[in-house]
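Dear colleague,

My notes on it follow directly after.

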Amino acid sequence: MGRRRGCWLLLAMLLGGPLRAAWQDDYAAAQRLYQPGAAAADLDAVVALSERALLQQPPARRVPEVQYLLGRAAYDRGLAAQALAALRAAVAARPEVPEYRLWLGYASWLDGRPTLAIRLFQALLAESAAPPEVRKSALTWLGSLHEPPELRALEPGELLTLPGARLRHHRGEAAAATVRQALEAARATLLERLGISLDEPVEVVLFRDLAEYQEYHRQRQIERPEWSTACTVNGRIFTYPAAGEHDALVATLTHEYTHVALRAYADDRVVPTWVDEGVAVLLSNQFGGTRPALRQAPQLLSLRALLVPTFSAYETGVARLAYLQSRAMVEDLLRQHGAVKLRAWLRALGQGQEAGEAFEAVYGLAMGAWYDTWFREGLDAN
Ligand SMILES: [Zn+2]
């Protein structure tokens, strides 16, 4: 029955039926159609009707509720960009409404931006004035995103606020001073080499040792391999001081900070792995002696092999080659085209462009073609 009504409405609209209807009529019709478990055709009609209602210039104070309805129907329909745009507008107009922010969290997740979603859910959970059902939904989502709030109890208790960063550490932890220096160095390097700076403060969680770091990730149900010294999850950096290795900790933090900054610059989009890791090892000066090492490699990796979601799934030798090669490629890309183009590419990713398309638009050739030239000539360039 609901489906039929949706089809009828859509048909009426297509035939130029109630085109002159006041925005209230469209909005009311959309509200009637938006039911739990509504059929796809009904959701499409809700989207179309609320869009049309918005075009008919409702009074400003009523606009956010129409955007909210549009955003929910678009989300239910899997239309990430549309849901995100509508809910962002609703939240911008009325940030005090918890439901708007909850749905903005859903839409951010659907759009592949879990960091933003988690930030919104955590804020809602911390708000005692938010309705219980909103907080319950936020709680459920945080659990499914591997960020259950009870994990916070396992984090070190001391909080230090630094320029551009927050550091969670144990009282009396000597490595806290090193972390502070490392973050300052990382920020300066990133600004100097790439012209990128982070607006949001980054959070660093410094565990006491490997055992505590690993236990925390076991509780998150995302276990870390034994050799892992740090990781970046949803805009937060987790690490521990490897005994006495000051320089290693500085390099590790610079590496992870770079991941956070690149991703934030790309508006929380995933940055293709060879660029993400290549820039990170380049700025933290890891995997030095890159070119001699690559010349000795029996075979280089294909572009496809450098576009896997993470290098950590590779066995050690292949992973090492992947980092070395990514660093050399990023070095050459930056030398040929500069940081301005890299930033333009990251911004295009942030606008939702597919990585390959954005590369071609910014650099003027396909990523595969650039890689082929690099493969032939790259190692001789330096
Ligand atoms: Zn990395």
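Predicted model: local features only at pLDDT ≥ 70, side-chain atom pairs only at ≥ 80, totals over all residues.

Residues are numbered from 1 along each chain as its sequence is written.

The protein chain is assigned domain 1 (2–149), domain 2 (151–262) and domain 3 (266–382); such bounds come from an automatic or database domain assignment. The centres of domain 1 and domain 2, taken over C-alpha atoms, are 36 Å apart. Seven residues from domain 1 and seven residues from domain 2 form the contact (C-beta atoms, placed from the backbone, within 7 Å).

Helices (H or I, at least four residues) and strands (E, at least two) are DSSP runs, numbered from the N terminus. In helix H15 (residues 355–363), Ala358, Phe359 and Val362 are buried, that is, 20 or more other C-beta atoms lie within 10 Å of their own, again placed from the backbone. These buried residues line one face of H15, because they fall within an arc of 105° seen down its axis, the arc being that of the directions from the helix axis to the C-beta atoms. They pack against helix H14 (316–350) and helix H16 (367–377). Gly364, with a positive phi near 80°, follows H15.

Strand E3 (residues 202–206) runs parallel to strand E2 (residues 165–169), joined by four bridges; pairing requires at least two DSSP bridges. Val202 is the bridge partner of Ala165. Four bridges also join E3 to the parallel strand E5 (residues 236–239), where Arg236 stands opposite Glu203.

Notes:
Contact = placed C-beta atoms within 7 Å. Buried ≥ 20, exposed ≤ 12 C-beta atoms within 10 Å, placed from the backbone.
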